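Keep the structure open as you read along.

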Amino acid sequence: MRFDIMTLFPEFVDRVLEESIIGRAQKSGAITVRSHNIRDYSKDKHRRVDDTPYGGGKGMLMMAPPIYDCYEAILTEFPTAEKRHVVYMSPRGRVLDQQKAKELSSYDHLVILCGHYEGVDARIIEEIVDEEISIGDFVLTGGELPACILVDAVARLVDGVLADPECHEKESFSDGLLEYPQYTRPVEFHGRIVPEVLLSGHHANIDKWREEQALEITARLRPELLEKRKK
């Protein structure tokens with residue numbers, strides 16, 4: 001799977017995504033991640049990519065032409081994708097969840113647009129964007145952090161990124177529940193003991209305990225997830 005990120009801060013994106021599991025997945029060839037500096041496609045001698053919005057208002061707006069030219073360059077570089085999807089990271093978009101991450105992992109190619117300032121000219125959204133996605137009901141200074149979060153959430157579902165598919169098949173939200181508590185050595189820590197059932201070696205009892213714990217934690221912390229699960 002390939003991710004292309006259109007941004008004003010490619011170095012920031014690269015620093016985040018070259019680390020840990022996502023970085024190793026790029027080195028192994030399981031995924032490809034490319035960041036593209038929108039300023040490189042500005043025809044202004046000062047590499048400007050923003051201007052004041054028509055109708056007035058505070059702040060600056062990213063112009064459509066440099067973004068479109070950046071997008072066209074990406075298509076030229078990677079023209080063979082059978083399933084391509086263009087996402088604009090926006091606070092007005094659908095909030096990212098695990099189900100959406102799974103849907104996005106089915107594409108061959110995700111192109112992600114990071115806004116900045118007061119956002120982007122609405123015409124570029126109409127022209128190239130398939131979907132707007134948010135990471136929550138709050139506003140950030142730019143779309144770079146949300147883009148990195150989106151890539152991480154989607155990439156870990158791609159074959160070959162995690163060591164074992166079970167790593168993401170049995171975790172929070174995979175079946176509509178929060179994850180059960182987990183423990184490792186030592187058996188006792190500050191007077192707190194690992195639950196006896198986990199030391200028993202009885203897998204049926206362990207599975208039952210984990211399911212009960214997941215239900216209890218979900219009911220206590222995120223009861224709305226149980227309502228969704230019933231539908």
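This is a predicted model: local features need pLDDT of at least 70, side-chain atom pairs count only at pLDDT 80 or more; totals for chains, interfaces and linings use all residues.

You will find H190 in the loop between β8 and β9 (192-193). Its phi is positive, about 50°, although H190 is not a glycine.

R47 also has a positive phi, about 60°, and is not a glycine either. Look for R47 in the loop between β2 (32-37) and β3 (50-51). With a relative accessible area of 35%, R47 is partly exposed. For context, most residues other than glycine have a negative phi, and most peptide bonds are trans. That brings us to R185 and P186, which are joined by a cis peptide bond with an omega of about 5°. P186 belongs to the loop between α7 (166-169) and β8 (188-189).

## Strand β5 and its partners

Strand β5 (residues 84-95) runs parallel to strand β6 (residues 109-114), and six bridges join them. Within this pairing, Y88 is opposite L113 of β6. Together with helix α4 (residues 98-104), β5 and β6 form a β-α-β unit that is right-handed.

β5 is also joined to strand β7 (residues 131-134), again in parallel, by five bridges. Here V95 has S134 in β7 as its bridge partner.

## A nonpolar patch

Which residues make the nonpolar surface patch of about 270 Å²? They are F138, L140 and L145. F138 sits in the loop between β7 and α6 (144-155), and at 42% relative accessibility F138 counts as partly exposed.

Methods: Residues are numbered from 1 along each chain as its sequence is written. Side-chain values use heavy atoms; hydrogens and water are left out. Two strands pair if DSSP finds at least two bridges between them. Helices (H or I, at least four residues) and strands (E, at least two) are DSSP runs, numbered from the N terminus. A crossover is right-handed if, with the strands pointing away from the viewer, the path from the first strand over the helix to the second runs clockwise. Patches are made of residues with over 30% relative accessible area and no salt bridge: like charges are joined within 9 Å, nonpolar side chains (Val, Leu, Ile, Met, Phe, Trp, Tyr) within 5 Å. Accessible areas come from the Shrake-Rupley method with a 1.4 Å probe; for residues, only the protein chains shown count as cover. A salt bridge is a side-chain nitrogen of Lys or Arg within 4 Å of a carboxyl oxygen of Asp or Glu. Buried means under 20% relative accessible area, exposed over 50%, partly exposed in between (1.4 Å probe, protein chains only).
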